[in-house]
Structures are given as structure tokens and as C-alpha cells.
Amino acid sequence: MSALLLSALMALQDPRDRLEQAVRETKLQEAEIALAQLQAGDGARAARALLVNLPRLRERQAQLLLATVQSRLAYDNIDTSFAFNLEEEKLKLKALTTAKERIQNACKTALDGEKIYSAILRTMASLRPEAVPVFAGEALRTASWLSRCELLEALGAMGAKADVLVSLDREKEPAVIAAGLGAIASEKGVAYLSHPQWQVRLAAVHSLRESREAVGPLVQGLSDMDLRLRNTAVGHLGSLTKTELPSDPAVWKDWWKANGEDFAAGRYSPQERKDVKGPGRTTFYGVPVVSSRVCVVIDRSGSMKQQGRYDVACRELKKLIEELPDGARINMVFFGATQSCFSVTPTRVLDRASRKEALAFVDHQNFEAGTDLYAALEKAISFVGSPETGRLREDGPDTIIVLSDGQATVGRLVDDELVARVIARRSHWLRPAIHTVTLSSEAKSLKMLADFTGGVSTNK
């Protein structure tokens with residue numbers, strides 16, 4: 001059926017009913033048409049329809065991901081031993097072909113479920129103004145931390161700053177506070193700059209991106225900030241002051257001492273500073289590591305032996321370990337079919353002893369068959385926090401760097417795009433930066449993962 005005909009037929013139905021059916025049956029095209037019609041209509045009516053269908057879709061997503069696992073298990077359990085009976089061989093071949101088709105169909109349907117979820121979130125952020133009180137009321141009522149994150153992000157995108165601030169005044173969950181702060185520009189962020197959770201501090205800095213009054217507090221707080229947070233703050237300081245200075249707290253404090261009074265009074269004239277050099281940057285395969293809370297995920301499957309890929313990866317990793325300053329936090333996850341972690345805690349603080357242990361840990365890894373990329377990424381995310389409960393780890397990494405030379409071959413999920421989309425969704429509200437290094441064109445998941453999360457991707 002052509003898209004034009006489908007659209008014409010669907011126009012005869014209530015878009016709320018069509019969306020419900022599309023979610024229940026995981027029909028991407030039908031869902032997109034229904035969402036477009038809801039977006040064009042009454043905002044309150046559309047908002048209520050989306051709120052009804054979001055929890056249904058989440059439940060459906062879980063079912064679809066389970067179906068992909070079951071379809072692959074069914075394929076693996078087919079008897080492939082040689083039979084001397086020709087008819088029996090034909091039946092086995094037919095069973096394998098059918099099982100492969102079921103895997104493909106299950107993955108496609110699961111992907112459509114992920115895309116419908118993304119489409120609903122985009123629609124929530126662009127409804128007409130009548131949707132605002134509906135979303136704001138639900139944000140105050142719902143017990144679901146995930147729903148509150150989704151609602152505050154949507155409200156921020158719709159410009160409902162006052163409603164986001166009302167919710168923030170009542171909010172206790174760090175993940176939700178970060179979602180609210182990250183959705184708006186507000187001086188309220190100053191009150192959260194010393195929050196114990198890095199996600200909240202990062203979102204607070206981002207919320208101050210338009211506040212001239214926040215320049216002083218940001219400058220004074222630079223020396224206590226982790227590197228990723230400091231880099232973000234300096235970026236906003238540069239935009240607010242029209243002044244380019246390195247990410248050195250002492251330099252900015254000297255600038256503020258000399259110019260703060262004039263800046264506050266509106267008399268400051270930006271001056272180019274070429275005499276001050278910033279610190280050198282730590283890199284991994286050329287990717288800047290602007291973080292002092294890092295988890296590195298390294299492929300140790302058998303294919304990494306080719307062309308000396310694994311040896312180079314280990315050299316790059318050791319260089320990173322040696323260049324990170326004392327006090328930085330690190331963890332490492334080496335993976336094939338299983339995972340081996342440097343620390344059972346989310347990260348370890350680097351000092352002379354732990355740096356030596358980290359280097360030795362790299363040397364003691366062994367190759368193994370299979371590439372369970374999904375499980376390795378889930379392990380790294382678990383060090384940041386829980387995608388199920390929203391609980392964040394105070395000592396968790398804020399940056400994940402993933403290196404692989406191929407696609408997933410074993411594990412819960414192996415489809416390239418499905419792995420990338422599910423990890424991007426599950427990590428979104430935990431807020432780690434995810435950067436990827438691909439060592440061959442076969443590592444398609446990593447490029448897509450970086451694209452979906454806004455990370456840096458490099459192909460070596």
C-alpha cells in the first residue's frame with residue numbers, strides 16, 4: 001500500500017486510536033502518520049494521547065527485545081548435524097531458512113519500536129501550547145522518574161520554563177533534576193553547582209549558558225570541577241564574556257579579578273589573549289579525552305589479533321593511563337564473549353599504586369572467541385547508573401570510550417543498529433559522553449552509537 005493511500009485511509013480514523021493501534025502492533029509508518037496528525041491538532045488532546053501510549057510502548061519495547069533473543073535461541077537450537085537422508089536434510093535447511101527470517105523480522109520490529117519511541121519524544125517537544133498544562137500536571141503527579149525526565153525535557157523544548165522550575169523545586173531524584181536543568185536556561189543552575197552528583201552539576205552549568213550573572217560563580221567554581229564539567233563551563237564562559245582563555249582555573253580567576261567589576265557593570269571590552277597557553281590534551285587514538293572520569297571499553301576478540309590491532313590498542317590505552325593526572329578516575333572493560341573489569345567499583349582513583357595496577361591489568365588480558373558488544377556496553381553504563389531505576393553512581397564515569405574492530409556476534413543483542421539505538425536510549429538520562437573508535441568498516445554499531453549520543457567517532 002502506498003504511503004499516500006495509507007495516509008488517506010488513516011485520515012478517516014481518530015489519530016488517538018491509530019496511534020494506540022500502531023504502538024500495539026509496532027507499525028512505524030502508521031505511528032508517524034498518527035503523530036503528525038496529533039501534532040497538527042489540539043495540543044492538550046495530543047498530550048493526553050501520548051501520555052497514555054508511552055508506558056504501553058515501553059512495555060512493548062521490552063517484549064520485542066526479548067523476542068529477538070528468543071528467535072536467535074531458536075535458530076541456535078536447530079539440529080544441524082549431517083543426515084544421510086536427503087529429505088531430512090531438506091527439512092533442516094528449510095528450518096534454518098525459516099529461523100533466519102524470524103530473526104530478521106524480530107530485529108526489524110524491535111527497531112521499529114525504538115524508532116516509534118524516538119518519534120513520540122520528538123512529537124512531545126513540538127506540540128501546541130495547550131499541551132503544556134497537561135505535561136506540567138503529569139510531571140508533578142507521576143511516580144515514574146523516567147516519565148518525569150521525558151516530560152521536563154519536553155516542557156523545556158516547548159519553552160515552558162516556569163513549569164520546569166516548579167517541578168525542580170519539588171524534585172529529589174538527581175537524574176530528574178539533571179533532566180530539568182538541562183532542558184532550560186536559568187540562573188537557578190547556580191544553586192546546583194555544588195550538588196554531589198556530576199550529572200546535576202553538568203546540567204546546572206549548561207543551564208547557565210545565557211546568564212551573565214553566573215560568570216562570577218562559574219569562574220570561582222572552576223577549580224573544583226571535574227575536567228568534562230570544567231571544559232563545558234569554560235565554553236559557556238567564553239560565549240558569555242566573548243573572551244578566549246584556556247581551561248585553567250587560575251587564568252580565569254586572574255581575569256575575573258582584573259575585569260569582573262567592569263564586566264558586571266557592562267563596561268568590559270573583550271581583549272584577545274595570545275600570551276597564555278592551556279595545558280596539553282590527553283587523547284586516545286586522536287580523540288580528545290576531556291574527562292577525569294573515564295571508562296574505556298576494549299574489544300579483545302580473536303579478530304583483534306589481525307594487523308596488530310590489539311597491540312596498538314593496548315599501547316594507546318597505556319598512554320592514556322599514564323597521561324591522566326593523579327586524582328582522575330578510571331575503569332576498563334575488556335570484552336569478547338565475556339567481560340573483564342579493572343575495578344568492581346564504578347571507577348578507581350589514579351595514584352602511583354593504582355596506575356601501576358591498571359597498566360598490569362592491561363598486560364594480563366587474553367583473547368577469547370565471540371564479540372558481545374551489547375553486554376560490554378551495558379556493563380560500562382551500569383558503572384554510571386541504573387537505566388531501570390535512574391539511580392546514579394556518585395563515583396561513576398562521565399565519559400565512555402569504546403573500541404572494536406567488528407560487529408557483535410554473540411550476546412543478547414547483535415543487530416548493529418539495534419545495539420546502538422538501545423544503548424543510546426538506556427544511557428540517555430544517565431548522561432555519559434560516549435566516544436567510539438572503529439578499527440574496521442565492520443564495526444557499524446559504534447559509528448551509529450556515537451551519532452545517536454552526540455559523541456565523537458573515529459575510524460582507524
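This is a predicted model: local features need pLDDT of at least 70, side-chain atom pairs count only at pLDDT 80 or more; totals for chains, interfaces and linings use all residues.
View 1. The leucine sits in helix α6, which covers residues 131-141. Setting aside neighbours within four places in sequence, you'll find L140 in contact with V166, S167 and R170. L168 is 28 residues away from L140 in sequence, and their C-alpha atoms are 9.7 Å apart in space.

**View 2. A47, a buried alanine in helix α4.** This alanine belongs to helix α4. A47 counts as buried because its relative accessible area is 0%. If you ignore residues up to four places away in sequence, A47 touches L127, A131, V134 and F135. For a sense of distance, pick out T243: it is 196 residues from A47 along the chain, and the two C-alpha atoms are separated by 43 Å.

**View 3. Helix α2 alongside helix α4.** Here α2 (residues 15-25) runs with α4 (residues 43-76), their axes coming within 9 Å and crossing at roughly 10 degrees. The two helices are therefore roughly parallel to each other. From α2, the contact takes in P15, R16, L19, E20, V23, R24 and E25, and these meet R45, A49, L50, N53, R56, L57 and R60 of α4. Sort the residues of this contact by class and you get 7 charged, 6 nonpolar and 1 polar.

View 4. T26 isn't a glycine, yet its phi is positive, at about 55 degrees. Most residues other than glycine have a negative phi. T26 lies in the loop that links α2 to α3 (28-40). It is a buried residue, since the relative accessible area of T26 is 5%.

**View 5. R431, another positive phi.** R431 also has a positive phi without being a glycine, and the angle here is near 70 degrees. You'll find R431 in the loop between α17 (416-427) and β8 (433-438).

**View 6. Helix α7 packed on helix α9.** The axes of α7 (residues 145-157) and α9 come within 8 Å, with a crossing of roughly 10 degrees. That angle makes α7 roughly parallel to α9. On the α7 side, look for W145, R148, C149, L152, E153 and G156; they meet A175, V176, A179, G180 and A183 of α9.

**View 7. Helix α10 under cover.** Of the 10 residues in helix α10 (residues 198-207), 9 are buried, so the helix is mostly covered. The buried ones are W198, Q199, V200, R201, L202, A203, A204, V205 and S207. What lies over them? The cover includes the helices α9 (174-183), α11 (215-221), α12 and α16 (373-384), along with strand β3 (293-299).

**View 8. Helix α12 against helix α13.** Helices α12 (residues 227-241) and α13 (residues 249-265) pack with their axes 13 Å apart and at an angle of about 30 degrees. They are therefore roughly parallel to each other. The crossing of α12 past α13 is left-handed. R230, V234, L237, G238, L240 and T241 supply the α12 side of the contact, while P249, W252, W255 and F263 supply the α13 side. By class, that gives 7 nonpolar, 2 polar and 1 charged residues.

View 9. The largest nonpolar core holds 105 residues, and F135, L218, V297 and I400 are the ones with the most contacts inside it. Helix α4 gives the most to this core, contributing 9 residues. Zoom in on V297 and, leaving out residues up to four places away in sequence, you'll see it touching V333, F335, A376, A380, I400, I401, V402 and L403. There is also a second, separate core of 29 residues, with M304, I321, I330 and M332 among its members.

Terms used: Residues are numbered from 1 along each chain as its sequence is written. Side-chain values use heavy atoms; hydrogens and water are left out. Axes are lines fitted to C-alpha atoms, for helices over the stretch in contact, and angles run from 0 to 180 degrees between N-to-C directions. Helices (H or I, at least four residues) and strands (E, at least two) are DSSP runs, numbered from the N terminus. Angles under 35 degrees count as roughly parallel, over 145 as roughly antiparallel, 65 to 115 as roughly perpendicular and the rest as oblique. A crossing is left-handed if the near helix is turned anticlockwise from the far one by less than a right angle, and right-handed if clockwise. Contact means heavy atoms within 4.5 Å. Ala, Val, Leu, Ile, Met, Phe, Trp, Tyr, Cys and Pro count as nonpolar, Asp, Glu, Lys and Arg as charged, and the others, Gly among them, as polar. Buried means under 20% relative accessible area, exposed over 50%, partly exposed in between (1.4 Å probe, protein chains only). A nonpolar core is a set of buried Ala, Val, Leu, Ile, Met, Phe, Trp, Tyr and Cys residues joined through side-chain atoms within 4.5 Å.
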